[in-house]
Amino acid sequence: MSFLDHIKRCNNGDLSQFEPWFIGRQRAGFIHRDFAPVVATRPDLFVRHDAAWHLDPALDTPDKRTAAMRAFLLELRERGQFGSLWREEAYPVTWVFTDPPLMAMERAAVPWFGVRAFGPHLTAYVRRKDGLHIWVPRRSYTKPTFPGQLDNTVAGGQPIGIGLHDNLIKECAEEASIPRKLAEQAKAVSYITYLNQSGPQLKPDIMTCFDLELPEDFTPRANDGEVHSFELWPVQRVFETVRDTTQFKYNCNLVLIDFFVRHGLLSADDPQFMAIVSGLKKEYTSLNGIG
């Protein structure tokens with residue numbers, strides 16, 4: 001295991017297995033060849049031509065698209081498509097977060113349609129006399145996804161209708177009992193892009209990285225059941241755990257690797273330095289296959 005192994009794990013998407021789908025002229029996501037027959041059952045909603053899928057142009061407003069898609073997704077849910085992962089949480093459908101959403105889509109369905117998801121990921125750290133330390137949470141053992149794995153201090157999906165920083169402040173309170181006054185001091189410091197595939201599901205996602213220095217006398221506390229416990233680890237222990245193991249949730253490794261780079265823990269003379277830094281921002285365009 002290595003830092004590059006984690007980056008490769010997050011970027012295992014094979015776009016030759018997918019076709020894009022569009023809302024008007026804007027690409028909204030990607031549909032896998034094995035999921036395409038499900039989409040094809042609704043020719044009133046999706047039409048395929050020119051090696052791509054297109055949402056019915058009669059759905060000419062975000063509200064109309066959202067309502068029509070929700071009805072379809074509820075049908076799929078009744079047939080067991082999403083298992084126990086349905087959240088009743090709407091994500092924005094957009095390739096650029098600051099653009100107006102083309103529509104909203106249930107969180108559980110987003111990777112099935114290859115829609116880009118966004119979210120804030122916070123690394124909370126403490127400066128002590130014996131060096132830098134990071135607050136490391138362990139995910140609840142009852143979570144439906146990645147139970148019991150290690151995670152970023154605070155992280156969450158990005159629902160529609162709220163900014164990234166405000167969402168982070170909300171997640172800080174819910175997941176770690178970090179009060180607003182402290183959470184507001186978090187700084188956006190970086191972002192990470194990757195293209196992860198799990199069977200017919202695709203995650204062309206962006207994580208926005210935040211840093212927050214916490215006082216020595218503050219201890220995060222699990223609040224909403226998402227976290228089993230928090231531990232304060234020396235940064236070297238975090239570094240070695242990420243580098244040598246798969247104990248952290250797969251994409252959370254990248255947030256910590258980015259932290260290591262920015263805080264000077266990875267030497268510029270490391271033979272993998274440039275590959276690691278560039279690998280954290282996999283930008284996909286029509287020139288390299290995502291057009």
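Hi everyone, and thanks for coming. Please keep in mind throughout that we are looking at a predicted model.

Let me begin with the annotation. The UniProt record, an unreviewed entry, puts the feature "domain: Nudix hydrolase" at residues 117-258. In the model, that span is 24% helix and 36% strand, and its end C-alpha atoms are 19 Å apart.

Now to helix 7, residues 252-262. Which helices does it pack with? I'll show you two: helix 6, residues 235-244, and helix 1, residues 3-10.

Take helix 6 to start. Its axis and that of helix 7 are 10 Å apart, at an angle of about 130°. Angles over 145 would count as roughly antiparallel and 65 to 115 as roughly perpendicular, so helix 6 is oblique to helix 7. The crossing is left-handed. On the helix 6 side, the contact uses Val235, Val238, Phe239 and Val242; helix 7 brings Asn253, Leu256, Ile257, Phe259 and Phe260. How does that contact divide by class? There are eight nonpolar residues, one polar and no charged.

Next, helix 1. Here the angle with helix 7 is about 135°, and the axes are again 10 Å apart. That angle makes helix 1 oblique to helix 7 as well, and helix 1 passes helix 7 in a left-handed crossing. Phe3, His6, Ile7 and Cys10 of helix 1 meet Asn253, Leu254, Ile257 and Phe260 of helix 7. This contact has six nonpolar residues, two polar and no charged.

Let me finish with charges. Side chains of opposite charge can pair when their charged atoms come close. How many salt bridges does the structure hold? The count is 17. One of them joins Arg48 to Glu19, with the closest N and O atoms 2.5 Å apart. Arg48 sits in strand 3, residues 46-49, and Glu19 in strand 1, residues 18-23. The two are 29 residues apart, so this pair links distant parts of the chain.

Key
Residues numbered from 1 in each chain as written. Predicted model: local features only at pLDDT ≥ 70, side-chain atom pairs only at ≥ 80, totals over all residues. Heavy atoms only, no water. UniProt positions renumbered as here; feature names shortened; annotations may be inferred. Helix = DSSP H or I, 4+ residues; strand = E, 2+ residues; numbered from the N terminus. Axes fitted to C-alpha atoms, helices over the stretch in contact; angles between N-to-C directions. Parallel < 35°, antiparallel > 145°, perpendicular 65-115°, else oblique. Left-handed = near helix turned anticlockwise from the far one by under 90°. Contact = heavy atoms within 4.5 Å. Nonpolar A, V, L, I, M, F, W, Y, C, P; charged D, E, K, R; others polar. Salt bridge = Lys/Arg side-chain N within 4 Å of Asp/Glu carboxyl O.
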